[in-house]
Each structure stands twice: as C-alpha cells, then as structure tokens.
Amino acid sequence: MGARITILGAGFAGLELSTLLSEALGEQVQVTLIDQSDAFVFGYSKLDVMFGRTELERVRLPYSRFVKPGVRLLRESVLTIDPDTRRVTTDAGTHECDFLVVALGADYDLAATPGLAGAGEFYSVNGAIRLRDVLPTFSKGHALVGVCGAPYKCPPAPSECVLMLHDLLLSRGVRNQCEITLVLPLPSPVPPSPDTSKALIAAFAERGIRFIPNRRVSAVDAGRRVATLDDGSELAYDLFLGVPKHRAPAVVEAAGMAQDGWVPVNPRTLETRFVNVFAVGDIANTGTPKAGVFAEGAAKAVASALIARLRGQGEATLYAGAGTCYIEFGAGRVGRVDVDFFSGPKPTGTYHEPDVASRVHKEHFGASRKARWFGL
C-alpha cells in the first residue's frame, strides 16, 4: 500500500498508534513518528521522582528502544504544520504525508501565571527534579499545592501530591510543624466520580489537609511567598508546588488548528476539520480527561480507522472514552476509578477503595507498556 502516515508526538497516543499500525500493516505503510525528546517518562513517575521513591534514570524509557517494522522514529522539533497540505517542517527537514496525526500533547504555559516560573511546578520532569532537592529542606511552615488552570493532565495528581507530601513529612517527624493546602479549580477532586471525590476529601480531612475547591492560583509572588487566587484572596506559603496552566503547543495554534485553546475533533473518530488529519491525546478537545490511558484509547480508534481505510475492508472502532485511573492515597495504598464518558447521558466514575490489588494493577499497567513499546 505504501501510504505515508506522519505522527507528531511520541507520548501514549503516538507510541500506541505506531505500534498498532506496525502490528497490522508492518512494512506495507511508511509511518514516521516525530518527537523532540530522547525518552518517554510516564506521568505518574514524576511524582515518584519528586518524592524520592526512584531515580529519573530508572523511569526514563529511551526512544532508541522503540523499534517497530514500518516505523521510523525521528528526534526532531516541529517548526510548522500545514494541515491543508499535510506538510510538516521540522528543524531537520520537511515531511509530507497522506495521513497526519497530531499528538503533541499539552504544553505548560508558565507565563500565563505571573511569578510561577520563579516559584516552582511539579508537572514537568525538570520541575519534579528541582522539587525533589527542595523537599528534604522543608520541615516547618505552609506547603501549598496550587493548580493554575483547568483542564490539566491527570486530574487526580494534585490530590495524590498532597497525600504523598503528608506521608513524607510524617516519616520525617515534622508533619505537626507543617500545614498543607490544596487549591483546585474544580468543584471536587474527581468530578465524574462523586464517590472517589468523597473518599479523597475524607482522606484530606483525616490528615489535616485544607482543601479549597473552585479556585485557581492566578499569580505567585516568590519574593513575598504569597499566592493570589482568582477571587483576589491571598495565601502565604513557605513551599509552593504548582500545576501550570496547560495549552496547545504554539506550533499547533500557529497552524490554525486550535480553537479555544485546543484542537476541535469529532470526539468518537478524532478527525479534525482538515482532510485526513487527526488529533489525538491531550491536545484534542474530546471531552475526556487529559490522561495517558485516554490518549491510548483514542489512538486505538484512529488506528482502526486507518487500518480499515488502507485495507479497504472492516469497520472502524469508535473511541470509547473510558479508562481506569489509579490514585495514590498515601501509606502505600492505591485506589482506582473506572471512568466512562460516552456510554450514558453523562460521565460516570466507579470508585474502588484502595487495596493491594490496585497497586499490582498499576504496576502491571506500566510494565505492560514498557514491554509492548520498548521491549523492556
């Protein structure tokens, strides 16, 4: 067949889509996967690095290990995208294709929150590493975990952060000298699942963690050590752990693909308004969470559509909009929530209390993808 498929971004969506295309079509297609990084890191691993549970080198998965028939992975930076002609220009050349899949994820817009760049965030690898070195020096005062905008990746992560911080301070014998506050621009920690939110709020109360919902951090003054919320109120802090506002990458906005910050798509097929151009993962406005398991599910839908089209047979599978999120509750316990956005009249979330089985499932989730994508 020889169809040319270019995939921008080697995150959950790009890796799974490339793998599925390789498994189904092999050398019959030319898949070009482009990413500016040299390694993949699971999002949840950044919390493990920040809290000293592991070292970065143990969770970095080098793209050099991603070897699939019919797929070439190029380490290049995307400079321009022309969705009308499906032409992509990178710092190494130009790529033209028959099908273009944009899976560049969400960028962190530190500039959108004045002062955040000098205060600290834990959503990037570099931010997590910096805070890993700061946390051991914090033994007294107010720790503030503040989210600067919604939507943001992995909705339970800020809740996990405060619970893990509580455990760390407790293990060091300084918890009674510290306050912890979580500021969240959502009405509850996990809105699709009232039971999960109720369990997290109960865990906060049990540990003396203050929870401020429906508010976002709008500015940070690192000199005064004060965070300003969107209602004008201020919170003094001694340690700030921020979640930056997210946005579509500038190159996607410059291409005219974004609308209201994200790329509009058919939520079940991931097709954009441009012919043979798809958007998958955090960058796409599907109405589902920005999380790896949902990006992976969307990639499966796109893969089925491309395979059916190129073979000229079979039916494409629609994006299910369902997935499981694992949540660190502290004290080594892991809960989970099964979320479904498309099956019923409104999103639902089924909560499973923390237990040993969920930790095993979480570990299997990571291990199975390391093996599938990187042969590790």
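Reader: Why are α2 and α5 called roughly parallel to each other?
Author: The axes of α2 and α5 cross at roughly 20° and come within 11 Å. Angles under 35 degrees count as roughly parallel (over 145 is roughly antiparallel, 65 to 115 roughly perpendicular, the rest oblique). Therefore α2 and α5 are roughly parallel. The axes are lines fitted to C-alpha atoms over the stretch in contact, with angles from 0 to 180 degrees between N-to-C directions. The model is predicted: local features need pLDDT of at least 70, side-chain atom pairs need 80 or more, and totals for chains, interfaces and linings use all residues. Residues are numbered from 1 along each chain as its sequence is written, and side-chain values use heavy atoms, without hydrogens and water.

Reader: Which residues make the contact of α2 with α5?
Author: L47, D48 and M50 come from α2, and A157, E160, C161 and M164 from α5. Contact means heavy atoms within 4.5 Å. By class, five are nonpolar, none polar and two charged.

Reader: What makes α2 roughly parallel to α4?
Author: The angle again. Helix α2 and helix α4 (residues 125-134) pack at about 20°, with axes 8 Å apart. So α2 is roughly parallel to α4. The crossing is right-handed. K46, V49 and M50 of α2 meet V125, A128, I129, L131 and R132 of α4. That contact has six nonpolar, no polar and two charged residues.

Reader: Why is α5 called roughly parallel to α6?
Author: Helix α5 and helix α6 (residues 194-207) cross at roughly 30°, and their axes come within 11 Å. That angle makes α5 roughly parallel to α6. The crossing of α5 and α6 is left-handed. S159, V162, L163 and H166 of α5 touch L200, A203, F204 and R207 of α6. Five of these residues are nonpolar, two polar and one charged.

Reader: How do you know how many cavities of 30 Å³ or more there are?
Author: A search of the whole structure finds two. A cavity is a set of points, on a 1 Å grid over the protein atoms alone, where a 1.4 Å probe fits but cannot get out; a pocket is an open set with protein on both sides within 12 Å along at least five of seven lines; lining residues have an atom within 4 Å of a point. Points are joined across faces, edges and corners, and volume is the space filled by probe spheres set on them.

Reader: What lines the second largest cavity?
Author: Y44, L47, D48, R53, E160, M164, E328 and K362 line it. Its volume is about 30 Å³. Helices α2 and α5 each give two or more lining residues. The largest share, three residues, comes from α2. The lining divides into three nonpolar, no polar and five charged residues.

Reader: How many residues line the largest cavity, and which lie nearest its centre?
Author: There are 14, with G281, T286, T288, P289 and Y319 nearest the centre. The space is about 70 Å³. Helix α8 (residues 292-311) gives the most, three residues. Nine lining residues are nonpolar, three polar and two charged.

Reader: What surrounds the second largest pocket?
Author: The pocket holds about 380 Å³. It has 16 lining residues, and Y44, S45, D48, V59 and E363 are the closest to its centre. Elements giving two or more are α2, α3 (56-59) and α9 (356-374). Helix α9 gives the largest share, six residues.

Reader: Which peptide bond is cis, and what is its omega?
Author: The bond joining A150 and P151, with omega about 5°. P151 sits in the loop between β11 (141-147) and α5.

Conventions
Helix = DSSP H or I, 4+ residues; strand = E, 2+ residues; numbered from the N terminus. Left-handed = near helix turned anticlockwise from the far one by under 90°. Nonpolar A, V, L, I, M, F, W, Y, C, P; charged D, E, K, R; others polar.
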